[in-house]
Amino acid sequence: MSSTDTVISIDAMGGDLGPAAVVAGMAKSAAINPELRFIVHGDKAELDKHIAKRRIADRCEVRHTDDVVTMHEKPSHVMRHGKGTSMWSAIEAVRNGDASVCVSCGNTGALMAVSMIRLRKVPGVNRPAIACLWPSRNPSGFNVMLDVGADIRADQDDLLQYALMGLSYARNGFGLKRPRIGLLNVGTEEHKGRAELKVAHEMIEAAAADNDFDFVGFVEGGDIPSDRVDVIVTDGFTGNVALKTAEGTASFISERLREAFKYTPLSRVAALLAYPSLRRLKKRIDPRQVNGGVFLGLNGTVVKSHGSADATGVSAAIKLAVQLDQSGFGEKLAARVASVNEAGQIGEPASKTPDAPKDKSST
């Protein structure tokens, strides 16, 4: 292994589709990025079989574990009894410095709980957040939204931290030198919303100049996929409801569209004619292409892949992990938080704005 290799720790057992889909996603990424290596955690006999089938044994180190965290296990139970699981082992590899990023398709609550107790929060961070990529009209194709489920509560100080962590993510994930940040509310008027949102509005607005970002103020739900903003800040309850609502709505529209095109012989002909455009649309909004929520505010980077991710989805999560590692995201976020001043604002000179990730991160 060379000093330029990127090592990703993979929890291969937690996904709905099993280790076969995870290893297939690893193989897709390995075929594109020759400097990518994996530490794979789970049942060694089963993993060796899938890894040999995909011919990536020379890129993998398998660490055997006997247990798996199921989707229904409570985080508190995993914290007490999860040391023998693939999830725990995958996080431990990041904690020990063997890998730079962990990727898991497993139980979100358990993954956050294990990440917090093993990696610990960055000093100065009150509540970690989960950031997701949301398809949008922006040139990058996506907006960043956080929190989407790490913690259902957030006061004004938490929302300010989310804004600054989202700022760091947008800079390192998309190379945006001056991201636009919006605070999700029930309206764009400054007098609307809960008291903590109004205070957070003032705090984020005051932090904009020192941190080199544009604060667009309050944004509404309809602005989430727009080109008006790059980072949307909200509490975990609201963010998770918005995310699940969007996923359910997209699934509903897709099902109804298929039914409509099958309704009559003429509609089937129309479907055939519209197929190229529909395929482009599907690719544009395919959730597998933006698979991967990032845990922010921890001493280590963790990417949470969707539990039902297939090989394409797993590969997308690995791609995101590589991008963040190559940009030095974890160190830069920690340095940002460590520079909290007495006013609770995090300063970073514009001259330290990171460059966009290198092309070799495309996995």
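This is a predicted model: local features need pLDDT of at least 70, side-chain atom pairs count only at pLDDT 80 or more; totals for chains, interfaces and linings use all residues.
Which residues in α5 are buried?

**View 1. Helix α5 and its buried residues.** Helix α5 covers residues 108–119, twelve residues in total. From first C-alpha to last, α5 reaches 16 Å, close to the 16 Å expected at 1.5 Å a residue. Buried in α5 are Ala 110, Leu 111, Met 112, Ala 113, Val 114, Ser 115 and Leu 119. The elements that cover these buried residues include the helices α3 (75–81) and α4 (86–95). Also among them are the strands β4 (101–104), β5 (129–135), β10 (293–296) and β11 (301–304).

**View 2. The two ends of α5.** At the start, a side-chain oxygen of Asn 107 reaches to within 3.1 Å of the backbone nitrogen of Gly 109. After the helix comes Arg 120. The phi of Arg 120 is positive, near 70°.

**View 3. Helix α4 against helix α5.** Two packed helices are described by the angle and the distance between their axes. Here the axes come within 10 Å and cross at roughly 35°. The crossing is right-handed. From α4, the residues in contact are Met 87, Trp 88, Ile 91, Glu 92, Val 94 and Arg 95. They meet Ala 110, Leu 111, Val 114, Ser 115, Ile 117, Arg 118 and Leu 119 in α5. By class, this contact has nine nonpolar, one polar and three charged residues.

**View 4. Arg 95 in α4.** Arg 95 is partly exposed, with a relative accessible area of 44%. Beyond its neighbours within four places in sequence, Arg 95 is in contact with Arg 118 and Leu 119. A polar atom of the Arg 95 side chain lies 2.9 Å from the backbone oxygen of Arg 118. Thr 301 is 206 residues away along the chain, yet the C-alpha atoms of Arg 95 and Thr 301 are separated by 9.8 Å.

Methods. Residues are numbered from 1 along each chain as its sequence is written. Side-chain values use heavy atoms; hydrogens and water are left out. Helices (H or I, at least four residues) and strands (E, at least two) are DSSP runs, numbered from the N terminus. The expected span of a helix is 1.5 Å times one less than its number of residues. Buried means under 20% relative accessible area, exposed over 50%, partly exposed in between (1.4 Å probe, protein chains only). Contact means heavy atoms within 4.5 Å. A polar contact is a pair of N or O atoms within 3.5 Å; within protein, one must be able to donate a hydrogen and the other to accept it, and residues adjacent in sequence count only if both atoms are side-chain atoms. Axes are lines fitted to C-alpha atoms, for helices over the stretch in contact, and angles run from 0 to 180 degrees between N-to-C directions. A crossing is left-handed if the near helix is turned anticlockwise from the far one by less than a right angle, and right-handed if clockwise. Ala, Val, Leu, Ile, Met, Phe, Trp, Tyr, Cys and Pro count as nonpolar, Asp, Glu, Lys and Arg as charged, and the others, Gly among them, as polar.
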